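Have the viewer open as you read.

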Amino acid sequence: MTRGGQAHYSALAIRTALTLRAVFRLALRQTEGLIGSILQLLGLDLAVPDHSTPSRRAETLEVPKPCPSSRGPVHLLVDSTGLRLCGPGEWLIEKHGTRRRRSWRKLHIGVDAETGQILASALTPHAIEDGTQVEPLLDHIPGPLASFVGDGAYDQSGIYGTVTQHHPAAEVIVPPRATAVPSNMAEGTPSDRDQHLQSIAKHGRMGWLKRSGYTRRALVETAISRLKRVIGDARRSRTDGRRATEVAIAISALNRMLELGRPEPVRVA
């Protein structure tokens, strides 16, 4: 085997290189040097992928999908956040400043409330509405769903139908808008949304938050914060295919960290 593009590297080797890049926030040239140093310390005579090889292979690289580790049906928490795109002149922007508008992508994620793992993700242009990504996120969930929890942006009739179509037994927990009114079927066969409205009318919105389990949605915001603090809030790749791989690699690394150890908060007072 030779260095550079002439060598054939397995998908595992490419994923390892991209994982090191994501975790340590390195450029691809720096990642190449890091891998070479590690192999040298280990006394291994192995070829080091040239920095252009992971970049090129990332366009079509398949990253294993996360598998739920919950003991039962998943309580799925969904939300979205913005990610910056770092272009070739980003260092000039940081050094000299500019009034040019930054480019963004929106990351939609689905988190397992029990384990904190990110089970589903979708990267879209920033103008894409959150509700349009519910079905792609549900397609990534292989097992049964106990509940679907989202903020007010998901208060749409189509979303209730989409969740029911994929998981008929799943409960949809989304706060109705302040101007929401019950449907015509509320008296006889109330839908999940009708039941939420009835609970709010009886116990108040704060009472509904506690009774419905909506307060668990804070865990998806924690997952987003963890992603941005550990991995970063910017994507370095130049094409949509490579950006999607970069996000999948970052999520896989973050889930692996949670498997190795997760803090357990204990109330002391």
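The paragraphs below cover the nonpolar cores, a surface patch and the salt bridges.

Please keep in mind that this is a predicted model, in which local features need pLDDT of at least 70, side-chain atom pairs count only at pLDDT 80 or more, and totals for chains, interfaces and linings use all residues. Residues are numbered from 1 along each chain as its sequence is written, and side-chain values use heavy atoms, with hydrogens and water left out.

Let's start inside. A nonpolar core here is a set of buried Ala, Val, Leu, Ile, Met, Phe, Trp, Tyr and Cys residues joined through side-chain atoms within 4.5 Å. Buried means under 20% relative accessible area, exposed means over 50%, and partly exposed is in between (1.4 Å probe, protein chains only). The largest such core has 22 residues, and the members that touch the most others are L107, I109, V111, I118, W208, Y214 and L227. At least two residues of this core come from each of β1 (74-85), β2 (104-112), α7 (192-212), α8 (218-230) and α9 (240-260). These labels are DSSP runs numbered from the N terminus, with helices being H or I of at least four residues and strands E of at least two.

Leaving aside residues up to four places away in sequence, W208 touches I173, V174, P175, H196, S199, I200, H203 and Y214, where contact means heavy atoms within 4.5 Å.

Now for the charged pairs. Side chains of opposite charge can pair when their charged atoms come close. A salt bridge is counted when a side-chain nitrogen of Lys or Arg is within 4 Å of a carboxyl oxygen of Asp or Glu, and the structure holds 13 of them. One of them joins the side chains of R217 and D151, at 4.0 Å from N to O. This pair links distant parts of the chain, 66 residues apart: R217 sits in the loop between α7 and α8, and D151 in the loop between β4 (145-149) and α6 (157-166).

Is R217 buried or exposed? R217 counts as buried because its relative accessibility is 10%, and D151 is buried too. Beyond residues up to four places away in sequence, R217 touches L77, V78, D79, V149, G150 and D151. The side chains of R217 and E221 are joined by a polar contact of 2.5 Å, that is, a pair of N or O atoms within 3.5 Å; within protein, one must be able to donate a hydrogen and the other to accept it, and residues adjacent in sequence count only if both atoms are side-chain atoms. D79, D151, R217 and E221 are linked in a network of salt bridges.

Another pair to look at is D155 and R177, whose closest N and O atoms are 3.4 Å apart in a salt bridge. D155 lies in the loop between β4 and α6 and R177 in the loop between β5 (171-173) and α7, so this bridge ties together parts 22 residues apart in sequence. D155 is buried at 3% relative accessibility, whereas R177 is partly exposed at 44%.

Finally, turn to helix α9, where D240 and R243 lie three residues apart, about one turn of the helix. Their side chains meet in a salt bridge of 3.1 Å, N to O. D240 is exposed, with a relative accessible area of 53%, while R243 counts as buried at 10%.
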